[in-house]
Amino acid sequence: MAAETDGKPTLQHLNDSQSQTILWLLEELEIPYNINLFERQKSGPNKNRAPESLKETHPRGRSPQLITASGRVITERSAITAYLIETYDSAGKFKVSGIDEDHDTIREQELVGFAEASFALTVTTAAMFYYMKVLSPFFIRPLIAVVSFMIHQGYLSKELDEQLKYMDGLFKGQDYFMSNENPTRVDVMMLFLVQTADQSKVVDISRYPNVKAWHDRCVARPAWQRALEKGNGYSLGL
């Protein structure tokens, strides 16, 4: 699907969503771009869902969507981050160094896949049960709480702990997952998921000191701060 463009990439950005990390990457790249801000629906049966207007540029109506300078519409963060870095990072600041097997493109894709599949599934499931418990009607809340507790005890808590311990051990003295100077695609993919887990209170990331330090390092970057200013709200909790 192609869309109108003025020769600059355009981000179709939704508040309180993973699109914030794409906005962060755009700011890191320091390139000219456009941004169209969309708000989640505030009431009705689709409350908190993306607005129907996002379907004007892509049939799924989700965010982020990146409209390239040529008018192509790209969805899914892994594809968007790959496109932006390959197209605009001519200096290689956000590309992996390739100096060894821990810093090559295969390792990068492995960790992007881990973020998209394994970690995302666990975080999303844990967050879903948390919100079910908090938002359910009071008369069935105790039952939902018991079910949530059993699933967490039997699977989710152990899986989250295992995954975060694995992530905590990946830094090996470097500031980011695959670099000591700047974030890569892996960091952009991981940040939203770590923030979702932390803000929805399904895990305390301070138990994983390297992950916590990495998170704080990312959000202290000037580009992240600029991205927050240019967006229209970013809160992943209730």
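1. Let me start with a term. A salt bridge here is a side-chain nitrogen of Lys or Arg within 4 Å of a carboxyl oxygen of Asp or Glu. With that cut-off, a search of the whole structure finds 12 salt bridges. Please keep in mind that this is a predicted model.

2. On the overall build, the protein chain holds seven helices and four strands. Read from the N terminus, the order of elements is β-α-β-β-β-α-α-α-α-α-α. The radius of gyration is 19 Å, close to the 18 Å that the globule rule gives for 238 residues, so the chain is as compact as a globular protein of that length. The C-alpha trace spans about 55 × 45 × 30 Å along its principal axes.

3. Two totals go with that picture. Of the 238 residues in the protein chain, 47% are buried. Among contacts with a separation of 6 or more, 69% come from residues 24 or more positions apart.

4. Next, the sheet. Its four strands are arranged in the order β2-β1-β3-β4, forming an open sheet with mixed pairing. Which strands stand at the edges? They are β2 (34-38) and β4 (73-75), and each has a single partner strand, so one side of each is left without a neighbour in the sheet. On average, neighbouring strands of this sheet are turned by 20° against each other, direction ignored.

5. Strands β1 (residues 10-14) and β3 (residues 65-67) run antiparallel and are joined by three bridges. If you want a residue pair to look at, Thr-10 has Ile-67 as its bridge partner in β3. Helix α1 (residues 19-29) lies across β1 and β2, and runs at about 145° to β1.

6. The side chains of Glu-27 and Lys-230 meet at 2.8 Å, N to O. Glu-27 belongs to helix α1 and Lys-230 to helix α7 (residues 222-230), so the pair ties together parts that are 203 residues apart in sequence. Are the two partners buried or exposed? Glu-27 counts as buried, at 5% relative accessibility, while Lys-230 is partly exposed, with a relative accessible area of 41%. A network of salt bridges links Glu-27, Arg-226 and Lys-230.

7. Lys-212 and Asp-216 pair through their side chains at 2.7 Å, N to O. Both residues lie in helix α6 (residues 209-220), four residues apart, about one turn of the helix. Lys-212 is partly exposed at 29% relative accessibility, and Asp-216 is partly exposed with a relative accessible area of 33%.

8. A further pair is Glu-52 with Lys-55, whose salt bridge has its closest N and O atoms 3.5 Å apart. Lys-55 is partly exposed, with a relative accessible area of 41%.

9. Finally, a loop residue. Where is Asn-182 placed? It is in the loop between α4 (141-168) and α5 (185-199). At 13% relative accessibility, Asn-182 counts as buried, because the cut-off for buried is under 20%. The side chain of Asn-182 makes a polar contact of 3.1 Å with the side chain of Arg-221. Leaving aside neighbours within four places in sequence, Asn-182 is in contact with Lys-93, Phe-94, Tyr-176 and Arg-221.

Conventions
Residues numbered from 1 in each chain as written. Predicted model: local features only at pLDDT ≥ 70, side-chain atom pairs only at ≥ 80, totals over all residues. Heavy atoms only, no water. Pairing = 2+ DSSP bridges. Helix = DSSP H or I, 4+ residues; strand = E, 2+ residues; numbered from the N terminus. Axes fitted to C-alpha atoms, helices over the stretch in contact; angles between N-to-C directions. Contact = heavy atoms within 4.5 Å. Buried < 20%, exposed > 50% of the residue type's maximum accessible area, 1.4 Å probe, protein only. Polar contact = N/O pair within 3.5 Å; in protein donor to acceptor, adjacent residues only side chain to side chain. Rg over C-alpha atoms; globule rule 2.2 N^0.38 Å.
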